[in-house]
Amino acid sequence: MYTSDLAATEAALNSFAVFNHKDFAEAIKAKKMPGDTLRKLQPKIGLSTATISRAINGHSISMESVLKICKWLDQNINEFLVADVTSC
């Protein structure tokens, strides 16, 4: 599963795409249920509370962590890639 997502992501990145941390953070916040703490999300996502916090706050995290969160979100990583017009 991760291999095909990673290959698609690498192809998109080679096409001058950038990861939209803001939209990714908003998607996490939208799925998070009221009362869900980082500790409650930790076993559901399979990441440390620190990594989840970084993602929620729009900071960079590893590609592997992004893919785990995408799986939990039930969204494809490509939904968070946008064209980087500054590279064109």
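Are F19 and F24 buried or exposed? Both F19 and F24 are buried, where buried denotes under 20% relative accessible area, exposed over 50%, and partly exposed the range in between (1.4 Å probe, protein chains only).

The structure is a predicted model, in which local features need pLDDT of at least 70 and side-chain atom pairs count only at pLDDT 80 or more, while totals for chains, interfaces and linings use all residues. Residues are numbered from 1 along each chain as its sequence is written, and side-chain values use heavy atoms, with hydrogens and water left out.

The predictor's confidence in each residue is expressed as pLDDT, from 0 to 100. The protein chain has an average pLDDT of 86, and 77% of the residues score at least 70. Helices (H or I, at least four residues) and strands (E, at least two) are DSSP runs, numbered from the N terminus. Confidence is lowest in helix 1 (residues 2–14), with a mean of 62, and highest in helix 4 (residues 49–56), with 97. Where pLDDT is low, the predicted coordinates should not be read in detail.

The aromatic residues were examined next. Rings of Phe, Tyr and Trp (its six-membered ring) pair if their centres lie within 6.5 Å; planes under 30 degrees apart count as stacked, over 60 as edge-to-face and the rest as tilted. Three aromatic pairs are found in a search of the whole structure. The ring centres of F19 and F24 are 5.1 Å apart and the planes stand at 65°, so this pair is edge-to-face. F19 also pairs with F80 in a tilted arrangement, with 6.3 Å from centre to centre and 55° between the planes. Because F19 lies in strand 1 and F80 in the loop between helix 5 and strand 2, this pair ties together parts that are 61 residues apart in sequence. F80, like F19, is buried. One aromatic cluster is formed by F19, F24 and F80.

F24 also belongs to the buried side of helix 2. The buried residues in this helix are F24, A25, A27 and I28. Viewed down the axis of helix 2, these residues fall within an arc of 160°, so they line one face of the helix; the arc is that of the directions from the helix axis to the C-beta atoms. They pack against strand 1 (17–19), helix 4 and helix 5, contact being defined as heavy atoms within 4.5 Å. On the face turned away from the buried side, helix 2 carries the exposed residues K22 and A30. The N-terminal end of helix 2 is capped by N20, a side-chain oxygen of which lies 3.1 Å from the backbone nitrogen of K22. A further ring interaction involves K31, whose charged end sits over the ring of W72 at 5.0 Å from its centre; for this assignment, NZ of Lys or CZ of Arg must be within 6 Å of the ring centre and within 35 degrees of the ring normal.

Helix 4 likewise has a buried side, made up of T51, I52, A55 and I56. Seen down the axis of helix 4, these residues fall within an arc of 135°, so they line one face of the helix. The elements covering them include helix 2 (21–31), helix 3 (38–45) and helix 5 (63–73). T51 is in contact with S65, which also touches L47, when neighbours of S65 within four places in sequence are left aside. S65 is located in helix 5 and counts as buried because its relative accessibility is 9%. After helix 4 comes G58, which has a positive phi, near 80°.

D36 is placed in the loop between helix 2 and helix 3. With a relative accessibility of 13%, D36 counts as buried; apart from neighbours within four places in sequence, D36 is in contact with L41 and K44. D74, in the loop between helix 5 and strand 2, has a relative accessibility of 69% and therefore counts as exposed. Although D74 is not a glycine, its phi is positive, at about 60°.

V82 lies in strand 2 (residues 81–83) and, at 34% relative accessibility, counts as partly exposed. V82 touches F16, A17, V18 and N20, residues up to four places away in sequence not being counted. V82 and A17 are 65 residues apart in sequence, yet 5.2 Å apart in space, C-alpha to C-alpha.

Definitions and conventions. A polar contact is a pair of N or O atoms within 3.5 Å; within protein, one must be able to donate a hydrogen and the other to accept it, and residues adjacent in sequence count only if both atoms are side-chain atoms.
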